[in-house]
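Here's a quick tour of one protein model, taken a few residues at a time. Keep the 3D view open and click along as you read.

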Amino acid sequence: MKIFLTVLGASIVLASAAHATVLNFDDLEAGGKLASIAPHNPYAGLAWSSSWYLGDTAVAGYGNGAHSGTNFLTNGYGVNNLAIASTTGFDFGGGWFATPATNGAHASWINISAYDSAGLLIGSTGNLAIGASYTFIAANFSNVARLNIARDKGWFVMDDLSIASASAVPEPGSFALTALGCATLAALRWRRKMPA
């Protein structure tokens with residue numbers, strides 16, 4: 001039974017990993033300045049509110065802005081709830097957040113709330129502290145229609161978001177990984193039943 005659970009667990013983890021995408025924004029052109037992400041909408045199949053700004057590490061005060069690569073997103077001035085939405089639903093595993101080195105007010109916490117297509121709250125991370133070094137904020141929200149990201153005040157940067165399609169039907173890769181797990185289990189059981 002222990003072997004069965006181990007094989008099944010590994011199959012599920014591998015199948016889930018096959019669907020995840022990490023959005024690092026490095027395929028967009030920031031050009032050494034901060035600019036609204038609106039011209040890139042929809043990006044990665046998601047609609048980004050106009051108060052999201054794309055930047056790269058060449059922007060003064062944002063040398064620490066990217067968790068990986070050179071690009072990142074940051075919040076617009078005076079905006080409390082920044083939205084990321086989809087008409088088809090998506091799963092959100094989390095993302096990396098920090099405060100930029102720029103002058104001015106810095107956010108001290110981030111709160112990510114997820115809503116379904118009916119506008120009902122799926123869940124919230126609560127207020128989680130961020131600082132100058134990147135911190136991963138885990139969310140694990142499923143079938144999200146809209147994310148709202150709030151902060152107390154000032155600036156924050158965001159990068160490497162874990163997004164997956166909320167498809168109800170697994171992709172062929174999931175079936176293959178699950179079948180591999182079942183075949184391994186069958187082989188182990190068959191070997192155990194063989195006379196010595």
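Let's start with Asp160, which touches Val22, Leu23, Asn24, His67, Ser68, Gly94, Gly95 and Trp96, leaving out residues up to four places away in sequence; contact here means heavy atoms within 4.5 Å. Bear in mind that this is a predicted model: local features need pLDDT of at least 70, side-chain atom pairs count only at pLDDT 80 or more, and totals for chains, interfaces and linings use all residues. Residues are numbered from 1 along each chain as its sequence is written, and side-chain values use heavy atoms, with hydrogens and water left out.

- Strands (E, at least two residues) are DSSP runs, numbered from the N terminus.
- Asp160 is buried yet has no salt bridge, and the nearest side chain of opposite charge, Arg151, is 21 Å away. Buried means under 20% relative accessible area, exposed over 50%, and partly exposed in between (1.4 Å probe, protein chains only).
- Asp159 is also buried without a salt bridge, with Arg151 again the nearest opposite charge, at 18 Å. A salt bridge would need a side-chain nitrogen of Lys or Arg within 4 Å of a carboxyl oxygen of Asp or Glu. For charge, Lys and Arg count as positive and Asp and Glu as negative, while His and the chain ends are not counted.
- What does the side chain of Asp160 make a polar contact with? The partner is the side chain of His67, at 2.6 Å. (A polar contact is a pair of N or O atoms within 3.5 Å; within protein, one must be able to donate a hydrogen and the other to accept it, and residues adjacent in sequence count only if both atoms are side-chain atoms.)
- A polar atom of the Asp159 side chain lies 3.2 Å from the backbone nitrogen of Ser68.

- Leu23 lies in strand β1 (residues 21–23) and is buried, at 5% relative accessible area.
- Among the residues Leu23 touches are Ala44, Trp48, Asp159 and Asp160.
- The C-alpha atoms of Leu23 and Ser162 are separated by 6.6 Å, although these residues sit 139 residues apart along the chain.
- Trp96 belongs to strand β6 (residues 81–98) and counts as partly exposed at 26% relative accessibility.
- The contacts of Trp96 include His67, Tyr134, Asp159 and Asp160.

**An enclosed strand**

- Is strand β5 (residues 71–75) enclosed or open? Five of its five residues are buried, so β5 is largely enclosed by the rest of the structure.
- In a regular strand the side chains alternate between the two faces of the sheet.
- In β5, Asn71, Leu73 and Asn75 on one side and Phe72 and Thr74 on the other are all buried.
- β5 pairs in the antiparallel sense with β4 (residues 52–56) over five bridges, and with β11 over two bridges. Two strands pair if DSSP finds at least two bridges between them.
- Leu54 stands opposite Leu73, while Thr74 has Val157 in β11 as its bridge partner.

**Aromatic rings**

- The count comes to eight aromatic pairs. Rings of Phe, Tyr and Trp (its six-membered ring) pair if their centres lie within 6.5 Å; planes under 30 degrees apart count as stacked, over 60 as edge-to-face and the rest as tilted.
- One of them is the edge-to-face pair of Phe25 and Trp48, 5.6 Å centre to centre with 80 degrees between the planes.

Methods. Helix = DSSP H or I, 4+ residues; strand = E, 2+ residues; numbered from the N terminus.
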